[in-house]
Amino acid sequence: MSDPNSPTRFNEEKATYAVRGEGSAPDLAAGVAAIRNVLKTLPARPGVYRMQDARGDVLYVGKARALKNRVTNYTQVERLPKRLQRMVAQTRSMTIVTTNNEAEALLLEAQLIKRFRPAYNVLLRDDKSFPFILLRADHDFPRVQKHRGARRAKGNYYGPFASAGSVNNTLNALQKLFLLRSCTDGFFKTRDRPCLLYQIKRCSAPCVGRIDKAGYAELVGDAKDFLGGKSTKVQTKLGAQMEAAAEAMDFELAAVLRDRLKALTFIQGSQAINAEGVGDADVFALACKDGTMGIQAFFIRGGQNWGHRSFFPAHTADVPEDEVLTQFLTQFYEEVPPARTVLLDRELPEGALLTEALGERAGYKVALSVPQRGDRRRLMEQAKRNAVEALDRRLAESTTQAKLLREVADLFDLGDPPDRIEIYDNSHIQGSAAVGAMVVAGPEGFRKGQYRKFNIKQAATDDDFGMMREVFQRRFARAQAEDPDRDAGDWPDLVLIDGGRGQLNAVKAVLEDMGIEDVCLVGVAKGPHHGREGREVFHMLDGREFQLPVNAPVLFYLQRLRDEVHRFAIGAHRAKRAKAIGASPLDEVPGIGPARKKALLMHFGTARSVRGASLEDLQKAPGVSAAVAQQVYDFYHAR
């Protein structure tokens, strides 16, 4: 993401104005005074404003066509809803950024909301990037692969897909239909015979010459037609090739083409949503019930359904539905390129501005429309129905979750249902690649964006108690430094430790040394049969130990929490172990990057040989300068 404060993107005039209140408690008069102080020098130009509290934390980000007019509204507190009155009472300073026009302000607003996640803005509560299909263009035999993140590789990107499952299904279809390779370039270079994918007819084996460059390029062209919505063209071509092969008595080729044609027909018939004739479109429908809002999104590309996903924005209480949908769209398209057509279930008051902003960001014309008839109308009705059903499921799950959290509070003698539960575990193999892991859960489920892993640095890696002590010391030392008043929501209401009385006592001692004695700690041991029968033993700080009935819903919930931290810890450990396997003693030499390390290893054969080489021999290695050779020699010999 580009820096929202970069002068290369906006003509900015940025300043901070502050008025401090007498105390730290929210004060409506002090908030209004701070805003009025800003108004004295505020221009009537387009831009973005940030409201900040006494600590400098961002409360709200807003955009305006005329900043002075918009910010003036906040001084008329009797006309503001209660939510905004609370925000004004907390405001102690503002930051102003002017832009060239309102469309730029809308784009900058979305960037800043995503960056600061203010408490009074509608937030898109989804921190996962969307997967794409990448058909690379940097090789004679292009690879097809799943892609997330920045688009640095040269090639054609197709997406977004709603989920990894959607993109995996399409990749499987591409392999069956077009026999494109999915292996890495390194794997491709080293093959001397076809791999299993060729045997099961999912690759044309260009690595060993089973298909020439021209033939493979034809397959790539067909794949592009398919992904571009021209599946009928591909179907006609395959049918003609199959008939020609049959007439030429080449029945083996005809059978292969028949199987590919059957796969294409199956894919066309398995679309859960009929999007034929729609072309490229993103479809959004909003549902609202009991103060909760849900948005259903369908992704249609080339008349094909590339999946759908439900979103439940945060901080939507007392916010109009149209404003929620507008804020959602601006944040959603912050990183995802929009389709040329965006279908909505309602007209938006700022629809023209949003159209201009999306077109500016995408670099092509984007049209927002509300379908009235035909295929698009039927598609919208289906999206609206899905939005209502997803919201109903969400509310039902929330009700169940709330009940479970009340039971957790009763079980562990908490005053209120916990809003933040932290669960901890360690993972290692005989002390190697040791890591600690923390996962976080709340009323809305797991908060995966707040998971943390801890590379064990100080504790002996065969000391489980010592590792747990190190994890807690680092975690809570940071919490004390960053949130000493515990008002940012980062302190846990309940801590679960995967372990028994020993781990619990070790953690208790660490927190007591830090002066923290009011965090509820519970050890979760596996029980006599290692948890296979649901006989976990819960260890409390006061010495109590108890078990729950094997069919208790709250036990199943606590097991899910424990299993999630176990999964996350093992994944972090495996990643660290895999990295360690590829490590080399040359990694310790300062100034030696991957290219020079490879050159040295290719020349000398092993890291031990590099270590024992003379300065003259090091200088003879290709790609190694005299200065680098001296640096390597000094590292191993200047002791």
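## Rings, charges and a helix crossing

R475 counts as buried because its relative accessibility is 10% (buried is under 20% relative accessible area, exposed over 50%, partly exposed in between, with a 1.4 Å probe and protein chains only). Please keep in mind that this is a predicted model, in which local features need pLDDT of at least 70 and side-chain atom pairs count only at pLDDT 80 or more, while totals for chains, interfaces and linings use all residues. Residues are numbered from 1 along each chain as its sequence is written, and side-chain values use heavy atoms, with hydrogens and water left out.

**Around R475**
- Helix α14 (residues 464-482) is where R475 is found; helices (H or I, at least four residues) and strands (E, at least two) are DSSP runs, numbered from the N terminus.
- Leaving aside neighbours within four places in sequence, R475 is in contact with R420, E422, Y424, M438, F454, D490, W491 and P492 (contact means heavy atoms within 4.5 Å).

**Aromatic pairs**
- There are 23 aromatic pairs in the structure; rings of Phe, Tyr and Trp (its six-membered ring) pair if their centres lie within 6.5 Å, and planes under 30 degrees apart count as stacked, over 60 as edge-to-face and the rest as tilted.
- F141 and F188 make a tilted pair, because their ring centres are 6.0 Å apart and their planes stand at 35°.
- This pair links distant parts of the chain, 47 residues apart: F141 is in the loop between β5 (132-136) and β6 (144-147), and F188 is in helix α6 (residues 185-190).
- F141 is buried at 14% relative accessibility, and F188 is buried at 11%.
- F284 and F328 pair edge-to-face, with 5.8 Å centre to centre and 70° between the planes.
- F284 belongs to strand β8 (residues 281-289) and F328 to helix α11 (residues 321-332), so their pair ties together parts 44 residues apart in sequence.

**Charges over rings**
- R151 has its charged end over the ring of F132, 4.5 Å from the ring centre (NZ of Lys or CZ of Arg must be within 6 Å of the ring centre and within 35 degrees of the ring normal).

**Helices α5 and α8**
- The axes of helix α5 (residues 164-178) and helix α8 (residues 213-227) come within 10 Å and cross at roughly 140°.
- On the α5 side, the contact is made by T170, L174, L177 and F178; on the α8 side, by L219, D222, A223, F226 and L227.

Terms used. Axes are lines fitted to C-alpha atoms, for helices over the stretch in contact, and angles run from 0 to 180 degrees between N-to-C directions.
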